[in-house]
Amino acid sequence: MFDFKKFKKKNRLEQEYNIVVATKPNSAYAESFRKIPIDLKYSSVDNEPRVIQITSSVAGEHKTTTATNLAAVYVELGKKVILVDCDLRKPKIHRAVEILNDDGLSSFLIDKVDKSQLIKKTKYNFDVINAGEVVPFPHVVLRSEKFQKLIKELRDMYDYVILDCPPVLLVTDSLIISEVVDKTLFVINQQLTSKSETKEAITLLREANADLAGIILSNVSRKVSNYGYRYGYRYKYRYYSRKE
Amino acid sequence: MIDVHTHILPFVDDGSESLEESFRMIEREISLGITDIIITSHALRLDLKKVSKQELIDAFTQFYTLVQQKYDVRLYLGQEIAYSDKMISLLKNKELLTINNSEYLLLELPYDEPINDIDEVIFSCRILGYKVIIAHVERYYYYDFKKLVELKKLGVLFQVNSNSITGRSGKNIQKTALKLIKGKMVELVGSDVHAFRHNDMDEAFSLVSRRFGEEMADWLFSKNAKQLFNIL
């Protein structure tokens, strides 16, 4: 009756996030993430963005998948990368890289842990700062000088700093964070988010003077994404201009 | 048969309150055909006094010595760990006991409302190297069958109480318990015996045998526990 094989089969928690760039490097899905750094570079040729924020309109748009895979792409390119989970309300990075969510950003910002405990190594060869325990007012701690100082220090320590941030339409955290980054990448789940939600979120980011580098379409249907390829990319990068 | 969920160890929780009572409970277990008993004293229950891991191990060792002088039964130690915010850090510091030193821990969920983010709790346990068995999974009123299916997908094991199977805990609970067994979602059955709770493992075994076949009953009442908890 007890089927050990079945139990050993991946459960829902194990299938949550897929860092395909590391686990299935030859897949078309992984390949689509490899385009992101190239396009990011072209978004600002003279001054390549090194501190990159990833956000979206609402939850469930694959921000964490994008952030982790982008980090893995930079690792492939031989770069030193750190991924910071700035979603202090619903942290997910630790789940994607399979580490415990302890001694994180929130605890650091309220002086509960020091910097040496903060940075965690992962099996994917990029470093991670967890979100840590849930705090009542994340936007307050994210506005702190200590956070800004931390990002500055990380900029000196790493080639690339990627910040996984909460959705723009739900909380203001991402708008605050956009002040300390070089560029913002905006993820849209094509099957989930409406045009009006996307527009509203982009307007909010613009009002906060976020430097939007482009949008990433996730969960793209084959019809839209073929370019002649039979399999179709699930991820797609588009340059975003103000005229759009 | 193996009873995987009992509160027989005296003085450590709301189970047995005296040595005599514990002996009576053991005699009852033996009379029902149980050869192996797992003691799962409460841990982290706010309404009960705190007993440290070492205190529990010492109490168990002393008790088992006395039991071995009188009865032919094997005892194993574990804990029924009530969910609390501190649970993960205690697990990290190895301050809680798994069942018979296996990787499996028996987790009791709150009775009044669901945990905010159970996915995160199960995930953290997994990262720390533990596998979770949900204690008497049929008894949480806020989980309907559909939610239990979702919970199962997190890779947890389900334990059901014998008195839920026999209907002593109410019709609805019995219905859920039987539906879970029918759906092959249950791995273990235990009596969850306290001084106040009747141990009806024999009746439950007969009922499961009648309804779902003897093979299924053997797995639920004995074979699964043997495999999972390294019981010879």
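**A chat about the two chains**

Mentor: Start with His62(A), which is found in the loop between strand S1 (51–56) and helix H4 (63–76) of chain A. Helices (H or I, at least four residues) and strands (E, at least two) are DSSP runs, numbered from the N terminus.

Trainee: Before that, what kind of model is it, and how do the labels work?
Mentor: This is a predicted model: local features need pLDDT of at least 70, side-chain atom pairs count only at pLDDT 80 or more, and totals for chains, interfaces and linings use all residues. Residues are numbered from 1 along each chain as its sequence is written, while chains are lettered from A and ligands numbered from 1 in the order in which they are written.

Trainee: OK, back to His62(A). Buried or exposed?
Mentor: His62(A) counts as buried, because it has 21 C-beta neighbours inside 10 Å. A residue is buried if 20 or more other C-beta atoms lie within 10 Å of its own, exposed if 12 or fewer, and partly exposed in between; C-beta atoms are placed from the backbone.

Trainee: Which residues does His62(A) touch?
Mentor: Leaving out residues up to four places away in sequence, His62(A) touches Val187(A), Asn189(A), Ser218(A) and Asn219(A). Contact means C-beta atoms, placed from the backbone, within 7 Å.

Trainee: What about the phi of His62(A)?
Mentor: Phi is near 75 degrees there, a positive value in a residue other than glycine. Most residues other than glycine have a negative phi.

Trainee: Where in chain A is Glu98(A) found?
Mentor: Glu98(A) sits in the loop between helix H5 (93–97) and helix H6 (105–109) of chain A. Its phi is positive too, about 55 degrees, although Glu98(A) is not a glycine. With 17 C-beta neighbours inside 10 Å, Glu98(A) counts as partly exposed.

Trainee: Zoom out. How many helices and strands are there in chain A?
Mentor: Chain A has 12 helices and 8 strands. Of its 244 residues, 43% are buried. Take the contacts in chain A with a separation of 6 or more: 77% join residues 24 or more positions apart.

Trainee: And the secondary structure of chain B?
Mentor: Chain B comes to 9 helices and 7 strands. Its radius of gyration is 17 Å, close to the 17 Å that the globule rule gives for 232 residues, so chain B is as compact as a globular protein of that length. That radius is taken over C-alpha atoms, and the rule is 2.2 Å times the number of residues to the power 0.38. The C-alpha trace of chain B spans about 45 × 45 × 30 Å along its principal axes. Buried residues make up 45% of chain B.

Trainee: What covers the buried residues of H7(B)?
Mentor: The cover includes helix H5 (145–152), strand S6 (157–161), helix H6 (162–165) and helix H8 (201–212) of chain B. The buried residues in H7(B) are Ile173(B), Thr176(B), Ala177(B), Leu178(B), Leu180(B) and Ile181(B). After H7(B) comes Lys184(B), with a positive phi near 55 degrees.

Trainee: How many residues of S6(B) are buried?
Mentor: In S6(B), 5 of its 5 residues are buried. Leu157(B), Gln159(B) and Asn161(B) lie on one side, with Phe158(B) and Val160(B) on the other.

Trainee: In which sense does S6(B) pair with strand S5 of chain B?
Mentor: Parallel, over 2 bridges, with S5 covering residues 131–134. Strands pair if DSSP finds at least two bridges between them. Ile134(B) stands opposite Phe158(B) in S6(B).

Trainee: Which residues touch the most other members of the largest nonpolar core?
Mentor: Leu105(B), Leu107(B), Val132(B), Ile133(B), Ile134(B) and Val160(B), in a core of 65 residues. Helix H9 (residues 214–228) of chain B gives the most to this core, with 6 residues. A second, separate core has 57 residues, including Ala30(A) and Val84(A). A nonpolar core is a set of buried Ala, Val, Leu, Ile, Met, Phe, Trp, Tyr and Cys residues joined through C-beta atoms within 7 Å.

Trainee: Last one. How many residues of chain A are in contact with chain B?
Mentor: 9 residues of chain A are in contact with 16 residues of chain B.

Methods. Contact = placed C-beta atoms within 7 Å.
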